[in-house]
Amino acid sequence: MLQTAQRSSETIKTKAVPHERFLEAFRWMLLARTFEEKLVSLYRGGLITGGVYIGKGQEAVSVACGLFLQKGDIFAPLIRDQAGRSAFGEPLVDVARTYLGSRQGPMRGRDGNIHRGLPRQGQLAMISHLGAMVSVTVGALMAKRFKGEKNFIGLSCIGEGGMQTGSFHEGMNLAAVEQVPLVIVATNNHYAYSTPNEREFACAELVDRAKGYGFEGYNLDGTDLSACLDVIGSAVKRARAGRPPQLLVASTLRLSGHGEHDDASYVTDEIKREPFAQDCLKRADKLIVDLNLVDAKRLQGWRDDAAAQVDQAITTAQKEAAPDANEDWCAISTRALVDQAQ
Amino acid sequence: MSITYLEAIREAQAKLLRDDERVFIYGQDVGGTFGGAFKATKGLAREFPGRVLNTPISEDAIVGTAIGAALHGMRPIVEMQFADFSSLALNQILNNAGTHYWRTNVPVPITIRLPSGGTKGSGPFHSQSMESIYAHYPGLIVMTPATVEDAYTMLIEAVAIDDPVVYCEHKYLYYHLKADKLPTEGLPAGKARIAREGRDLTIVTYSAMVQEALAVAEELASDGFEIEVVDLRTVKPLDTDTVLASVARTGRLLCVGESFPWGGATAEVIARVTSEGFHLLDAPPQRVNAKDTPIPYHPNLWSVHRPNAKSIAAKARNLLRE
């Protein structure tokens with residue numbers, strides 16, 4: 001029954017006509033890019049404590065992850081998924097609050113940057129230990145099945161770096177054993193921090209692992225928004241229709257450092273000339289202009305709107321109070337069982 | 001009619017499955033007709049179809065799955081086949097479950113059962129006591145039941161608690177410990193129990209060492225010493241008040257634990273008593289733990305690696321002389 005993973009040579013090609021949700025997706029990408037550029041400037045200005053981790057170059061894959069999910073679905077984004085998080089419904093102000101440490105944010109200043117989530121709304125809060133969120137997504141889906149819910153799926157994001165963890169492997173195998181409606185979107189951005197692919201794995205194609213796990217597998221061009229929407233949208237449909245779990249492997253280049261503290265000087269000039277090194281946002285933008293999908297004035301209006309949304313989110317969060325060191329610090333919810341350790 | 005510690009754990013799970021549709025059991029070999037390596041879930045898969053599920057040998061993913069299920073309304077019970085193997089799930093337990101409520105304000109009600117402690121011939125990888133590691137990290141409740149009654153009521157309580165509970169059940173007690181019947185209620189988590197009253201020396205301990213401490217108290221009674229035995233029941237939270245009250249009565253403290261000696265539950269008890277109740281002590285507090293080596297296979301070695309009534313009594317006699 002299981003479909004053999006497709007070889008990279010069979011990567012699904014862009015159709016001449018863009019995906020029906022292309023422009024909607026483009027606007028989320030634009031918002032994510034604008035927002036993250038603002039975060040970078042705040043970081044460089046010393047206004048953000050800790051790190052800033054952006055998804056530049058990965059917005060097309062990410063937005064497609066968030067866009068096809070519905071209320072009741074489970075989304076487990078990772079560090080480069082601002083576009084997907086926004087498309088799934090994460091308020092932009094909550095992102096600003098988390099980066100700026102506002103006590104009104106979902107993490108209330110206790111955790112920062114990309115370590116955020118709204119678990120009750122289906123957006124899981126990642127931990128830094130990669131691969132760990134795959135099985136958590138599986139468990140959330142099992143809970144929904146136990147409770148008799150229908151038509152739900154889960155989508156968990158990973159990079160090619162995280163794919164090499166034991167936790168990822170265990171989670172993938174368990175997902176297939178439990179036959180939960182799951183889509184795994186893996187973005188091969190060609191570097192795990194500074195480590196290139198050849199020191200990360202030795203198989204010809206990461207997507208070949210799909211068959212070994214009992215997943216259906218597909219490659220996709222992560223720089224091509226329309227392809228991302230086609231391939232990820234179709235996988236979401238298949239998962240919803242009860243097909244086995246889906247593994248998608250997108251090819252991109254990380255167009256930033258691992259974090260903004262990292263100048264990424266190890267990224268070679270040679271790799272920057274590869275097709276997967278194209279900027280997905282620029283590609284989408286060019287397609288819009290080439291096909292005259294939107295006139296220049298409207299496009300500029302979208303840019304202005306993104307900038308205004310970003311300004312509003314940042315301004316709001318900046319006005320809010322920082323966490324108070326005298327607040328309730330309990331690590332557990334059962335107050336009667338808090339240990340009195342000093 | 002008598003019921004063992006192991007049967008009490010099985011009965012508690014049967015009751016939980018019967019009374020609460022959110023409960024399911026997840027772990028290696030727990031399902032089918034097998035019912036677990038120690039039979040703690042025997043018959044439950046048949047009685048509760050689809051709710052007692054075998055898993056692959058994937059400790060990390062087992063706990064991760066339980067976390068996800070708990071976040072979406074279930075009350076999973078994870079059985080680790082041996083406590084030792086829970087080291088493979090440390091990341092999910094400590095970094096995911098243990099931080100989740102504090103980070104997101106959403107608690108993770110999972111119960112992780114750890115068949116713990118040494119039995120003869122089990123060696124370095126099937127004998128460990130992990131409670132001190134879990135107690136060290138924030139965000140977890142650590143239970144160490146020492147009686148049949150506590151094994152039953154504390155497991156039911158563990159599942160009712162909204163936070164992650166590491167429930168350390170002692171394998172040595174599985175068959176050795178019996179009670180006439182199951183209780184309808186017990187002391188709440190976080191409360192220690194005076195297992196035997198005395199006035200000359202307090203032994204603070206938990207899990208299987210409670211039985212050893214009671215044997216020591218009996219032996220020393222024939223020499224005229226009255227030993228008080230405090231069963232912590234939960235090592236986290238630690239019932240410092242009950243311990244201090246006991247030391248106030250006896251003036252002498254001996255802490256006994258089966259886990260390794262560096263740091264840990266016994267060191268924590270002594271740290272608290274010396275910092276909060278130094279004036280209550282008539283002699284320096286002492287402790288007995290396992291040796292600081294891996295746990296040996298051969299009974300000749302194992303019998304001196306693990307604290308027992310003999311080694312505890314020797315330490316107690318020294319302390320009583322001071």
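This is a short talk on how the two domains of chain B meet, how chain B meets chain A, and what surrounds two buried residues of chain B.

Some ground rules before the details. The model is predicted, so local features need pLDDT of at least 70 and side-chain atom pairs count only at pLDDT 80 or more, while totals for chains, interfaces and linings use all residues. Residues are numbered from 1 along each chain as its sequence is written, chains are lettered from A and ligands numbered from 1 in the order in which they are written, and side-chain values use heavy atoms, with hydrogens and water left out.

I start inside chain B. Its domain assignment gives domain 1 as 3-179 and domain 2 as 193-321; such bounds come from an automatic or database assignment. Taken over C-alpha atoms, the centres of domain 1 and domain 2 of chain B are 26 Å apart. Domain 1 of chain B puts 29 residues into the contact and domain 2 of chain B puts in 23, contact meaning heavy atoms within 4.5 Å.

How much area is buried between these two domains of chain B? About 2100 Å², with carbon and sulfur atoms giving 58%. Buried area here is the accessible area, with a 1.4 Å probe, that two parts lose on being put together, summed over both. On the domain 1 side of chain B, S132(B), T144(B) and A146(B) lose the most area to domain 2, together 19% of what that side buries.

The rule finds 1 salt bridge across this domain interface of chain B, where a salt bridge is a side-chain nitrogen of Lys or Arg within 4 Å of a carboxyl oxygen of Asp or Glu. R233(B) also forms a salt bridge with D150(B), with the closest N and O atoms 2.8 Å apart.

By class, the side of domain 1 of chain B that touches domain 2 has 14 nonpolar, 12 polar and 3 charged residues. For these classes, Ala, Val, Leu, Ile, Met, Phe, Trp, Tyr, Cys and Pro are nonpolar, Asp, Glu, Lys and Arg are charged, and the others, Gly among them, are polar.

Next, the chain interface. Chain B gives 47 residues to the contact and chain A gives 46. About 3700 Å² is buried between chain B and chain A, 60% of it from carbon and sulfur atoms. Which three residues supply more of the area that chain B buries against chain A than any other three? They are H72(B), W102(B) and R103(B), with 24%.

There are 2 salt bridges between chain B and chain A. D111(A) forms a salt bridge with R103(B), the closest N and O atoms being 2.8 Å apart. The side of chain B that touches chain A divides into 21 nonpolar, 17 polar and 9 charged residues.

Last, two single residues. Q13(B) sits in helix α1, residues 5-19 of chain B; helices are DSSP runs of H or I, at least four residues, and strands are runs of E, at least two, numbered from the N terminus. Q13(B) counts as buried because its relative accessible area is 0%; the cut-offs, with a 1.4 Å probe and protein chains only, are under 20% for buried, over 50% for exposed, and partly exposed in between. Not counting residues up to four places away in sequence, Q13(B) touches several residues, including I25(B), R113(B) and L155(B).

E212(B) lies in helix α8, residues 209-221 of chain B. Is E212(B) buried or exposed? At 15% relative accessibility, E212(B) is buried. Leaving aside neighbours within four places in sequence, E212(B) is in contact with R306(B), N308(B), A309(B) and I312(B).
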